[in-house]
Amino acid sequence: RNEVMNLLVEDSLDRVRGEAAHKGIGLNNDVQLDDVLMVDKDLLSIALNNLLMNAVSYMEKGSIRITAHIEEDQYHLVVSDSGPGLGPETLARIERVRDHTEREGVRTDGANAKGLGFVIIAGIMELLSGRFKVSTSAKGTTVVLRLPIKPEANT
């Protein structure tokens, strides 16, 4: 279905708004109201919720900003935070998950579930015919969810 991306983002932000306010984290939805994409709302919401919950969990104060733009026939939904960033080992593991070289070995036993969120995101992005990219620095982490604009690629 055609989804208004600003509203989808706002729904996801609402899920973390209480904890974010408690921790002094600002939430910014800078996705244009006229951005409409044919996408499975439920699947994209799961991916976005995972990203937001991770960001809020690992941050103490700061901000999370969601923007979007079109590039090379893809809709880029960009989630940026001003948190501590990711270490090189974590970033390398996420890249292996994204590139299918590591998924089965991710542990799911409580506190050792690191990487599970990105396994979920990788699977969802495959189902949506999309991809994701993660970058990090001392100023935070940015995740770009790249989704096809053509409706037939999203069915």
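## Close-ups of a predicted model

**View 1. L44 and its neighbours.** L44 touches M5, L8, V39, L77, I124, L128, L145 and L147, leaving aside residues up to four places away in sequence; contact here means heavy atoms within 4.5 Å. This is a predicted model, where local features need pLDDT of at least 70 and side-chain atom pairs count only at pLDDT 80 or more, while totals for chains, interfaces and linings use all residues. Residues are numbered from 1 along each chain as its sequence is written, and side-chain values use heavy atoms, with hydrogens and water left out.

**View 2. The largest nonpolar core.** This core has 39 residues, and L44, I64, I66, L77, F132 and L145 touch the most other members. A nonpolar core is a set of buried Ala, Val, Leu, Ile, Met, Phe, Trp, Tyr and Cys residues joined through side-chain atoms within 4.5 Å; buried means under 20% relative accessible area (1.4 Å probe, protein chains only). Helices (H or I, at least four residues) and strands (E, at least two) are DSSP runs, numbered from the N terminus.

**View 3. Strand β4 and its partners.** Strand β4 (residues 62-71) pairs with β2 (residues 25-29) in the parallel sense over five bridges; pairing takes at least two DSSP bridges. G26 has S63 in β4 as its bridge partner. With β5 (residues 74-81), β4 runs antiparallel, joined by eight bridges. E71 stands opposite Q74 in β5. Two residues lie between the strands of this hairpin, and E72 takes a positive phi near 50 degrees.

Terms used: Buried means under 20% relative accessible area, exposed over 50%, partly exposed in between (1.4 Å probe, protein chains only).
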